[in-house]
Amino acid sequence: MNDKKRSIEEILITFPSAKRFSLAILQEVQKEYKYISPDNLKAISNYLAIPISDIFSMATYYKSLSLEKKGEFIIKVCDGTACHIRGSLSVLDEVKRALNINEGETTPDGLFSLEIVNCVGACAMAPVVICNQDYFGNVKLGKAKEIINSCVKAVD
Amino acid sequence: MTKKILVCCGTGCLANGSQALVDQFYLETKKLDVNIIPQIKETGCNGFCENGPMVTIVPAHITYYKVQPKDVSDILESLDKEPVTRLLYKDDSGKPVTSKEENPFYALQHKIVLRNTGVIDPSCFNDYLEAGGYVGLTKALAMEPIKIIEEVEKSGLRGRGGGGFSTGLKWRSCHEITGEFKYMLCNGDEGDPGAFMDRSIMEGDPHSVLEGLIIGAYAIGSHYGFLYIRDEYGLALKHMQKAIDDAKANGYLGNNILGSGFNFSCEIVRGGGAFVCGESSALMASIEGRVGEPRVKYIRSVEKGLFDSPTVLSNVESLANIPYIMTNGAENFASIGTKGSKGTKVFSLVGNVNRTGLIEVPMGITLRQLIFQIGGGIPNGKKFKAAQTGGPSGGCIPEELLDLEIDFDSLKEKGSIMGSGGIIVMDENTCMVELARYYMKFLTEESCGKCTPCREGLRAMLDILTRICEGKGELSDLDLLEELAYVTSEASLCELGKTAPNPVLSSLKYFRDEYLAHIVDKRCPAGVCPKLIKYEIIPDKCKFCGLCVKVCPVEAITGKPKTPYIINQNKCIRCGNCKSTCAFEAIYVE
């Protein structure tokens, strides 16, 4: 986790300078830095020789991209239909209380971000909570804290 | 014959710990006699995720459910003996069943698209070949492209992505257009909440999708293709990439495929997480590196699609059908299904149903068979209320239509659509008004905002539905909803907007009384809408255990020793923690 981050130039060089790679580049930058900084927006715009407004509109349009820095752990509460009718909103409320943030926000220590996602395709295990890459299925009320703690422990 | 142990490693089973299970199998088989060591295979999704991890022994065809690492030694010991009874599935009468075919979840299924999923190792090229893979492609490459198109037309295959347009006809239109560059695309941007069939196919049998794509490319005369896959589908992306690399290495992709002189290459584009990118023109815009907004429909993508070149976009499930049709012939495929919808359909059967998962059934099966035979009915003895098909673009099907034979046309007639195949089962505790509000909220967020009817119409409908759910609705709201729904569906640019009113209109049609209860009586009959319900403790049932006090996040529950507890309604936030914790069912919703 504490590996040195690749520089923006190192990321850009792996892609040809063509407009159709803009989404892939943005995704790569998002993955590396957890957000798209104003400087990186400029760098991508220069590299692809397309207006920065185009890159900006991509970065704000696609859900997987963010202009604000996300936490180390991204907790996603699935609110797909199957999860919804099995009580995902109550699960969400519980996670909100546990982290003391609303959806779309990041804790002040930069550790957690909370997101609502619309279906991760794990409907048979609804309701589902995902922490980074780990799926937690059939989440019962009262389990939110446990899930959050287990994520932190797994990294420590 | 060597025994094989198939361990399901779909996303569902992996979440339930199947990787640890695989490791344990490898560890323990090392101790066995070299001559009897079974082969261990990590397969794709078997569909019955709720009972995972699943392990199947072949050739004996014994399937075990909810297997844990500690069960491994028992399974290995039983290989030449009687099966381990405690790990078998118990059918509705409680009798343990050994094979999948005897399991009521699988009994009615007919597998074409999922023929290899759960049987082969998706990352193993030879497994696919041994299962009859690339036979269809070999056959196709020896045919004239137009003959392939005729065969696909004859099969009656209709696009499985939602529209239900004839695949053969789409290919023919593109074939007839002359152009130097043509593109063959695969739509793997499955975004319908409650549907995961494409994910499972790409994870469990990626080569079948790829083979379908290559055959399609040859038929229309394309030499380059893209597979647009959701970024969230990590395992699907990994397996598809491996399939592309392996196919390339073995001469099934690239220049002069199988010595036929036909060239075709393809690459994966990861989606950016926008529901509307599943729409064809938005998807193409996204591949081009632009914002994924749809365009007007009089420009057909078979003429001017990706990079303004003739383009065919086919859905993952449609493509996975193609190798089967080429191998077994159009007649074989067309003998399955109904008059207007041939073949099978993969459905994700989820929600309030006993057996949830991914199933493949012939077109024309009834909802009753799906929900009560395959799905085993509604849990906890509750009553069936409705089934939502087609996700946010579809509608709900009420109890009186349970015997409807499902295909593209019958669902459309009843105000819903087939969509990509999500079937969400709802019991009496689902509020239909709240569900309509939920879908509207989803669509409002996902509307790209390019055209006004969709952007503003959906928002206006959401406002009304939210008001009704909060007990502030008026009777005139219902007329207004219908009017907005009409305008939105008539005037929107793309299918997202055109179909968006379906959940509202169908629930208004079949469950108007629920809307009236919210508006007139200020009551939520299903006990869901927080502003219209309250939690109460039944004094006679309360055993003063204090568990509810502990789980209440706002300290709304108070009580003295040996007297029933009381919920302070002013403090209560209606989270439902107390009700789900109470072991004595002493808390009820009003």
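Predicted model: local features only at pLDDT ≥ 70, side-chain atom pairs only at ≥ 80, totals over all residues.
Visitor: How is chain A divided into domains?
Guide: Domain 1 covers 8-61 and domain 2 covers 73-155. Their C-alpha centres lie 29 Å apart.

Visitor: You mentioned helix 2 of chain A. At what angle do helix 2 and helix 3 of chain A cross?
Guide: Roughly 150°. The axes of helix 2 and helix 3 (residues 38-48) of chain A come within 11 Å.

Visitor: What does that make the two helices, roughly parallel or roughly antiparallel?
Guide: Angles over 145 degrees count as roughly antiparallel. Helix 2 and helix 3 of chain A are therefore roughly antiparallel to each other.

Visitor: Is the crossing of helix 2 and helix 3 of chain A left-handed or right-handed?
Guide: Right-handed.

Visitor: Which residues meet there, between helix 2 and helix 3 of chain A?
Guide: Helix 2 of chain A brings S22(A), I25(A), L26(A) and V29(A). Helix 3 of chain A brings N40(A), I44(A) and L48(A). By class, this contact has five nonpolar, two polar and no charged residues.

Visitor: Okay, sheets now. What is the strand order in the open sheet of chain A?
Guide: The order is 2-1-3-4, with four strands and mixed pairing.

Visitor: Which strands stand at the edges?
Guide: Strand 2 (112-117) and strand 4 (134-136) of chain A. Each has a single partner strand, so one side of each is left without a neighbour in the sheet.

Visitor: How much are neighbouring strands turned against each other?
Guide: By 20° on average, ignoring direction.

Visitor: How many bridges link strand 1 and strand 2 of chain A?
Guide: Six bridges. Strand 1 (residues 73-78) and strand 2 of chain A pair in the parallel sense. In one of these strands, strand 2, I116(A) is the bridge partner of V77(A).

Visitor: Which helix lies across strand 1, strand 2 and strand 3 of chain A?
Guide: Helix 6 of chain A. Helix 6 runs at about 155° to strand 1 of chain A.

Visitor: What is the phi of N100(A)?
Guide: N100(A) has a positive phi of about 60°, although it is not a glycine. N100(A) lies in the loop between helix 6 and strand 2 of chain A.

Visitor: Over to chain B. Which domains does the assignment give?
Guide: Domain 1 (4-106), domain 2 (125-333), domain 3 (344-427), domain 4 (432-519) and domain 5 (534-589).

Visitor: How many residues are in contact between domain 1 and domain 2 of chain B?
Guide: Five residues of domain 1 touch five residues of domain 2. On the domain 1 side, one is nonpolar, four are polar and none is charged. The C-alpha centres of these two domains lie 33 Å apart.

Visitor: What do strand 13 and strand 14 of chain B form?
Guide: A hairpin, with five residues between the strands. In the turn, G390(B) has a positive phi of about 80°. Strand 13 (residues 384-389) and strand 14 (residues 395-398) of chain B run antiparallel and are joined by four bridges.

Visitor: Last one. How do helix 17 and helix 18 of chain B cross, left-handed or right-handed?
Guide: Left-handed. The axes of helix 17 (residues 432-446) and helix 18 (residues 452-469) of chain B come within 9 Å and cross at roughly 150°. The two helices are therefore roughly antiparallel to each other. Their contact has ten nonpolar, two polar and four charged residues.

Key. Residues numbered from 1 in each chain as written. Chains lettered and ligands numbered in written order. Axes fitted to C-alpha atoms, helices over the stretch in contact; angles between N-to-C directions. Parallel < 35°, antiparallel > 145°, perpendicular 65-115°, else oblique. Left-handed = near helix turned anticlockwise from the far one by under 90°. Contact = placed C-beta atoms within 7 Å. Nonpolar A, V, L, I, M, F, W, Y, C, P; charged D, E, K, R; others polar. Domains from an automatic or database assignment. Pairing = 2+ DSSP bridges.
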